Amino acid sequence: MGTDNIKHESFFATPIYSEYKPEWLNELNNACKPYLQEAKDNKKEYLDKHNNDFGIIYHSKSILHEPKIKFLVDYIGKKSWDLLEQWGANLENHSLVYSSFWVQEFAKDGGGHHRVHIHENSHVSGFYFLENDNSSYPLFHDPRHGAAMTYLPEKDENKVTFSNKYINYQPLAGTLMLFPSYLPHEYVLSKGGKFKFIHINIQAVSNNVLNNEGSR
């Protein structure tokens, strides 16, 4: 039997986009510094009592309206629109809005981490890495819940295959990553040192909702 009638296709893939933009680092680090300092000031009582910051994540308030990062807000907004269209979404009657935009820093003494999670009510999530001493990294999990019922042992866990249960990245400072918000991800336990990144979530909202044209 010949091979002309044989197809090997891949469906339901999950895209992860990354781009290296180190030219933004100095400007963004400087813009985020006061927000992180405020987050650290909020932990002063704990730090004074324990004399270390093991396990702490310094989580800022929203930085969405910080004028010094407007270029990043605009860039990610446009890039997210382009990616959603490339991924096959019809955005003709939708607008993109930021549901969250903040900066965070893991404890210099180690122990910072995020448990596996998704970002509900969002469509695009992402990170821009400001500092990384190989301290931690994002670990992305297979989003196919049905596949988890039938996992088999992998031949080689170091290779990217259709049998992978998770994929990890060790991103350089200056790396922008964007991905669908349904993709489960976590940050592995930090070993300490410098680890700082901006985290964003974007939602595609129906223009009917934005214009208050829904049923009453």
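Predicted model: local features only at pLDDT ≥ 70, side-chain atom pairs only at ≥ 80, totals over all residues.
Two strands count as paired if DSSP finds at least two bridges between them. Eight bridges join E5 to E10, and the two strands run antiparallel. Val124 has Ile202 of E10 as its bridge partner. Five bridges join E5 to E8, again in an antiparallel arrangement. Here Ser125 is bridged to Phe179 of E8. E5 is mostly covered, with eight of its nine residues buried.

H3 spans residues 70-86, 17 residues in total. From first C-alpha to last, the helix reaches 24 Å, close to the 24 Å expected at 1.5 Å a residue. Its buried residues are Leu72, Val73, Ile76, Gly77, Ser80, Leu83 and Leu84. Viewed down the axis of H3, these residues fall within an arc of 135°, so they line one face of the helix. An α-helix has 3.6 residues a turn, so residues three or four places apart point the same way.

The cover over this buried face draws on several elements.

The opposite side of H3 differs in exposure. The face turned away from the buried side carries Lys78 and Gln86, which are exposed. Just after H3, Gly88 takes a positive phi of about 105°.

Terms used:
Residues numbered from 1 in each chain as written. Heavy atoms only, no water. Helix = DSSP H or I, 4+ residues; strand = E, 2+ residues; numbered from the N terminus. Expected span 1.5 Å × (residues − 1). Buried < 20%, exposed > 50% of the residue type's maximum accessible area, 1.4 Å probe, protein only. Arc of directions from axis to C-beta.
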